[in-house]
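Reader: Hi! Could you walk me through this structure in plain words?

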Amino acid sequence: MTYILYLEPSKTSKFYKSIQNFFDQTLKLYGPNEALQYPPHCSMTGFFILQDDIQRKINQIIELIDLFLESHKNEISNSSYAAIQLKDIICISARLLISLQVYQPLHQLVQLISNLDSNIRPKRIDHISLAYCSNSFAECRQKLNNNDIMQNMLEFARELIEFDEANGGGSWDIVFYENLKLSQKLDEQHIFREIKRWRI
């Protein structure tokens with residue numbers, strides 16, 4: 001089985017719901033793209049396979065996150081402090097994304113987790129994808145290479161997505177998932193099983 005760690009806005013937040021609304025609306029207007037195969041999230045790791053001592057390593061990951069959040073709880077719970085800051089919605093090379101600035105110790109946490117197994121690859125933890133297509137989906141990739149379509153999607157995202165609540169600190173979760181199925185179709189979501197969720 002493969003696993004992954006995400007940083008997700010709380011599912012009950014206006015920010016999360018506004019991204020989901022953007023996904024729903026752009027699906028109707030422009031068709032599917034790879035971002036729509038996932039829940040709104042920021043990747044903390046890439047997908048990784050645990051090949052030996054699987055349960056022990058799962059437990060180690062959970063324990064590391066538990067200890068990290070416990071040791072940083074005063075900073076994280078400070079009402080004037082936000083662990084994640086939203087910067088802007090931008091287009092880069094046929095990708096539409098929300099750029100983030102994430103509390104530096106979260107990067108350190110991911111580095112500690114990656115030290116547990118060579119298959120765990122840390123990610124930059126700096127964006128939420130709103131629209132993209134890899135070369136595996138040539139028709140979708142061609143559409144997102146159209147500057148007019150991307151500009152329309154950018155303006156639509158800036159109109160629909162609500163930053164205010166999230167930048168006031170908002171609520172975010174670290175989520176540890178097992179991937180049960182990676183879809184090969186753009187109009188079908190990947191299937192995940194939640195192992196544990198932590199509110200930060």
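**A walk through the model**

Author: Happy to; let me start at L180, which is found in strand 7 (residues 172-181). Helices (H or I, at least four residues) and strands (E, at least two) are DSSP runs, numbered from the N terminus. Please keep in mind that this is a predicted model, where local features need pLDDT of at least 70 and side-chain atom pairs count only at pLDDT 80 or more, while totals for chains, interfaces and linings use all residues. Residues are numbered from 1 along each chain as its sequence is written, and side-chain values use heavy atoms, with hydrogens and water left out.

Reader: Thanks! Is L180 buried, exposed or partly exposed?

Author: L180 counts as partly exposed because its relative accessibility is 43%. Buried means under 20% relative accessible area, exposed over 50%, and partly exposed in between (1.4 Å probe, protein chains only).

Reader: Switching to strand 1, how many of its residues are buried?

Author: Seven of the eight residues of strand 1 (residues 2-9) are buried, so strand 1 is largely enclosed by the rest of the structure.

Reader: Which strands does strand 1 pair with?

Author: Strand 1 pairs with strand 7 in the antiparallel sense over eight bridges, and there L7 stands opposite I174. Strand 1 also runs antiparallel to strand 2 (residues 42-43), joined by two bridges, with S43 as the bridge partner of Y6. With strand 3 (residues 48-49), the pairing is antiparallel over two bridges, and T2 stands opposite I49. For two strands to pair, DSSP must find at least two bridges between them.

Reader: Nice. What charged pair does E8 form?

Author: E8 forms a salt bridge with R197, with the closest N and O atoms 3.2 Å apart. E8 lies in strand 1 and R197 in strand 8 (residues 191-199), so the pair ties together parts that are 189 residues apart in sequence. A salt bridge here is a side-chain nitrogen of Lys or Arg within 4 Å of a carboxyl oxygen of Asp or Glu.

Reader: Are those two buried or partly exposed?

Author: E8 counts as buried, at 0% relative accessibility, whereas R197 is partly exposed, at 25%.

Reader: What else does R197 bridge to?

Author: R197 also forms a salt bridge with D173, where the closest N and O atoms are 2.9 Å apart. R197 is in strand 8 and D173 in strand 7, so this pair ties together parts 24 residues apart in sequence. D173 counts as buried, at 2% relative accessibility. E8, D173, E194, R197 and R199 are linked in a network of salt bridges, and a search of the whole structure finds 13 salt bridges.

Reader: Last topic: how much space lies in the largest pocket, and which residues are closest to its centre?

Author: About 430 Å³ lies in the largest pocket. Of its 22 lining residues, the closest to the centre are H41, S43, K123, H127 and Y132. Strand 6 (127-131) is one of the elements that give two or more residues to the lining, along with strand 1 and strand 2. On a 1 Å grid over the protein atoms alone, a pocket is an open set of points with protein on both sides within 12 Å along at least five of seven lines, and lining residues have an atom within 4 Å of a point. Grid points are joined across faces, edges and corners, and a volume is the space filled by probe spheres set on the points.

Conventions. On a 1 Å grid over the protein atoms alone, a cavity is a set of points where a 1.4 Å probe fits but cannot get out, and a pocket is an open set with protein on both sides within 12 Å along at least five of seven lines; lining residues have an atom within 4 Å of a point.
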